[in-house]
Amino acid sequence: MRRWLLGVAVLAAACSTVQPLDRGLTLARQGQYREAREAFDEAIRRSPSSSAAHSHRADVRMRLGEVDGAIEDYTKALALALNDTDVLFNRGVALLARHDYKNAIDDFSVTLAVNPRHARALFARGTARSLSGDTEQARADWLRALELEPDPLQRTAMQALVDLARAVPPAAPVATAPASPPRVVAPPAATPAPSVSPAPSVASPEPAAVGPAAPPAPSVATSVPGAAMPPAPDAAAPVAPPELVAGAPAAPPAAATLPADPAATAPATTAAVVPQPTPVPAPATPPVPAPATPPPLDSRALTARAIDKELRGDHWGAIADLREALVSETDAEQRQGIQNLLKLLDPPR
């Protein structure tokens, strides 16, 4: 009786350990990746040494875009189960998604050392080599993968990827529209310090009729602090007469005439000429047109973008595009081709 109770307790403990893992696998198949990750978290808390729990949590982390966390989980799973070629291959794919081509090639090479007939590892290593610039070795890996792949559907999909890689040249950098040059605004002219005209000398009054008339003295315009100096006028443009302060004569004399009383020594007050700044019209800025909304991609464009993403290392982005293309495609033959690509890039586990 005591042994029977002990066996039931051990079985119950084992079932409680497996349940979160099974629940996580079911949720992952349904596309509920966040809930699946929580289930795998629970499985790892119950059994930290479970390589499968770490590996499956890494899978859903990849689908959630947590590439670094996925690589960490794959590494833990490999420490718990050495030479697991599936986990090693999946970590290579994650490194490829992080654009770590050198380490991805190393993982694929170790996978092939353990299993030389791993066609998907060969094909993925060819992709990593192509992205790192080694096109000759990449072509050799792709062709060898086509020879080793036993599934005709996956072989057809691989051939389509290789043919596309031959037809599509390396993507040129996207040309960005030149930014409009900044509007050059002339800095305001520095306001000179107010010039102080020297006090006119007091001359003795003489009769206006005696002797030739003295040449008129040049009029001095007194600068007013705070007034902006107008720009220098064009030589050919007529110069507008300065505006006078209210109360000043319309045409001030060239030289101030002293009063008849010789005792008066103060010079006549001259009106200050206030130059008016010429307003500079702001250049008209044409309205910026709103960017046109690009039309949605059709299934063929999505498929082409998915293949390009796969060749450039964005594995899960390629799968997302293929699934979107499969939803919008109505042609039966095209749907079959998309399904073949999905089987190649994301085979059922």
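A residue counts as buried when its relative accessible area is under 20%. Keep that cut-off in mind as we walk through this structure, which is a predicted model.

**Two aromatic pairs**

How many aromatic pairs does the structure hold? There are 2 of them, and the table puts their geometry side by side.

| Aromatic pair | Centre to centre | Angle between the planes | Arrangement |
|---|---|---|---|
| F89 and F108 | 5.7 Å | 45° | tilted |
| F123 and W142 | 5.9 Å | 35° | tilted |

Let's take F89 and F108. F89 belongs to helix α5 (residues 85-97) and F108 to helix α6 (residues 101-114), so this pair links distant parts of the chain, 19 residues apart. Is F108 buried or exposed? Its relative accessible area is 0%, and because the cut-off for buried is under 20%, F108 is buried. The same cut-off works for its partner: F89 has a relative accessible area of 5%, so F89 is buried too.

Now for F123 and W142. Where does each of these residues lie? F123 sits in helix α7 (residues 119-131), while W142 sits in helix α8 (residues 135-148). The pair therefore ties together parts that are 19 residues apart in sequence. Both F123 and W142 are buried.

**A pair of helices**

Two packed helices are described by the angle between their axes and the distance between the axes. The crossing in which α11 passes α12 is left-handed.

Which residues make the contact? From α11 come H315, A318, I319, L322, R323, A325 and L326. On the side of α12, the residues are R335, I338, Q339, L341, L342 and L345. Sorted by class, the contact of α11 with α12 has 9 nonpolar, 2 polar and 2 charged residues.

**A buried residue in a loop**

Our last stop is S50, which is found in the loop between α2 (33-46) and α3 (51-63). Is S50 buried or exposed? Its relative accessibility is 17%, so S50 counts as buried.

Methods. Residues numbered from 1 in each chain as written. Predicted model: local features only at pLDDT ≥ 70, side-chain atom pairs only at ≥ 80, totals over all residues. Heavy atoms only, no water. Left-handed = near helix turned anticlockwise from the far one by under 90°. Helix = DSSP H or I, 4+ residues; strand = E, 2+ residues; numbered from the N terminus. Contact = heavy atoms within 4.5 Å. Nonpolar A, V, L, I, M, F, W, Y, C, P; charged D, E, K, R; others polar. Phe/Tyr/Trp six-rings, centres within 6.5 Å; stacked < 30°, edge-to-face > 60°. Buried < 20%, exposed > 50% of the residue type's maximum accessible area, 1.4 Å probe, protein only.
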